[in-house]
Amino acid sequence: MQSWLLEMATKWQASIAHVFILYQNVRDVVDCQNTTVENHLLSAHFFGGRDIIIKYDRSAGIRFPLGPTHEAEARKLWELDEDMPLPRDPATALSLLEKLLRASKQQGEARVPRCALLIDYAETIWPAGDLSSMSPEDRTALTTILRWTRDPELVALGTPIVLLVEHIEDLHEAIRAAQVEAIRVPLPSYEERLEYIDQLNRQYAETVVIEAAPEEVARLTATLRRINIEDIYLRCEVSGQPLTAQAVKERKNEIVAQEYAEIIEINDPEHGLDNVGGMDHVKEFFRRNVIEPIKRGNYRRVPMGVLLCGPSGTGKTLLAQCAAKDAGLNSVNLNLAKISDKWVGSSERNLEKALNCIRSLAP
């Protein structure tokens with residue numbers, strides 16, 4: 001079981017919350033069998049044990065991902081004919097869904113929920129913004145979800161409700177401040193990427209010439225989803241080009257630029273401090289206080305940050321990148337000019353997006 005799913009299951013079983021926000025890497029696959037985050041979630045016991053599993057987004061409307069039996073059961077509770085179309089607009093759909101959320105059954109001496117609800121693209125239903133600028137329909141939808149988080153009957157019943165959103169900062173702040181548990185689905189770690197790349201190497205062995213070692217590809221693909229990594233293999237297969245470190249770097253730069261709009265730039269320095277001329281006292285500081293302690297695992301010795309001061313063109317960026325190379329760390333340029341925005345809340349959302357990406361670059 002994925003760590004994020006285990007965290008959700010633990011909190012749900014402990015009755016800490018029944019409404020959850022899953023954010024960040026929610027559009028990816030979670031394993032080498034290409035199981036999506038959604039399917040992995042639906043297989044969890046607190047979802048899989050329900051009589052009715054509902055999925056809703058404002059485009060496709062109300063759906064039943066586990067088959068027509070669930071839909072037939074829901075229509076029976078709603079007292080709707082099988083040929084009657086289900087609503088898509090949030091106001092009507094949420095009102096209809098609430099009736100299912102309150103449905104329960106007896107299991108031993110306890111009442112348990114019959115349904116579980118998954119709401120995709122939640123930021124399109126409850127977007128971040130000022131309450132005064134929202135339409136009456138949007139305010140009704142916001143009030144509905146906030147009421148669900150506090151409703152005594154739903155709280156006691158523990159009906160699972162999960163909101164999927166890529167960037168949590170795009171979701172209305174009132175929901176994030178309510179009795180809701182936000183759980184981050186992380187980007188794949190180095191070990192997870194390496195396992196996935198080993199599988200792709202076997203899968204594409206006859207159609208792609210692989211010239212880069214799996215360990216190198218895993219290192220270079222930090223911040224990428226599994227689906228992005230397979231995209232690199234697919235492009236090499238279609239173009240007939242070999243899979244090289246340079247091909248990985250070029251495609252990664254395109255994906256990062258598209259995803260983060262030049263807020264961050266991933267560095268891949270080729271040289272260490274030995275290739276930097278002069279500035280011996282600065283290089284000695286990095287070796288003594290940063291590089292060697294990190295290599296020995298003495299992290300308490302390493303400062304939380306280093307401030308480099310000096311005029312433009314004196315080598316500050318070069319020193320930082322070379323020190324990262326010698327320490328075995330990933331390196332990022334954070335573009336503060338791109339983070340700042342004239343719209344209220346946009347700067348904060350851009351910064352949160354950048355920090356989520358940087359967290360995935362560990363070490």
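Trainee: Is Glu 284 buried, partly exposed or exposed in this structure?

Mentor: The model is a predicted one, and the relative accessible area of Glu 284 in it is 39%. Buried means under 20% and exposed means over 50%, with partly exposed in between. Because 39% falls between those limits, Glu 284 is partly exposed.

Trainee: Which residue forms a salt bridge with Glu 284?

Mentor: The closest N and O atoms of the pair are 3.7 Å apart, and a salt bridge needs them within 4 Å. Both residues sit in helix α13, four residues apart, so about one helical turn separates them. The partner of Glu 284 is Arg 288.

Trainee: How many residues apart in sequence are the parts tied together by Asp 120 and Lys 55?

Mentor: Asp 120 is buried at 4% relative accessible area, and Lys 55 is buried at 8%. Asp 120 lies in the loop between β6 and α6, while Lys 55 belongs to strand β2. The pair therefore ties together parts whose separation in sequence is 65 residues.

Trainee: How far from Cys 309 is the nearest cysteine sulfur?

Mentor: A search of the whole structure gives zero disulfides. A disulfide requires two cysteine sulfur atoms within 2.5 Å. Cys 309 is in no disulfide, and the nearest cysteine sulfur, which belongs to Cys 322, lies at a distance of 19 Å.

Trainee: Which helix gives the most to the lining of the largest pocket?

Mentor: The largest pocket holds about 740 Å³ of space. It is lined by 19 residues, and those closest to its centre are Val 290, Met 304, Gly 305, Val 306 and Leu 329. Helices α13 and α14 each supply at least two lining residues. With five residues, the one that gives the most is α14.

Trainee: Which helix makes the largest share of the nonpolar patch?

Mentor: The patch covers about 380 Å² and is made by Leu 334, Leu 336, Leu 351, Leu 355 and Ile 358. Leu 351 is partly exposed, at 35% relative accessible area, and is found in helix α16. Three residues, the largest share of the patch, come from helix α16.

Technical notes
Residues are numbered from 1 along each chain as its sequence is written. This is a predicted model: local features need pLDDT of at least 70, side-chain atom pairs count only at pLDDT 80 or more; totals for chains, interfaces and linings use all residues. Side-chain values use heavy atoms; hydrogens and water are left out. Patches are made of residues with over 30% relative accessible area and no salt bridge: like charges are joined within 9 Å, nonpolar side chains (Val, Leu, Ile, Met, Phe, Trp, Tyr) within 5 Å. Accessible areas come from the Shrake-Rupley method with a 1.4 Å probe; for residues, only the protein chains shown count as cover. A salt bridge is a side-chain nitrogen of Lys or Arg within 4 Å of a carboxyl oxygen of Asp or Glu. Buried means under 20% relative accessible area, exposed over 50%, partly exposed in between (1.4 Å probe, protein chains only). On a 1 Å grid over the protein atoms alone, a cavity is a set of points where a 1.4 Å probe fits but cannot get out, and a pocket is an open set with protein on both sides within 12 Å along at least five of seven lines; lining residues have an atom within 4 Å of a point. Grid points are joined across faces, edges and corners, and a volume is the space filled by probe spheres set on the points.
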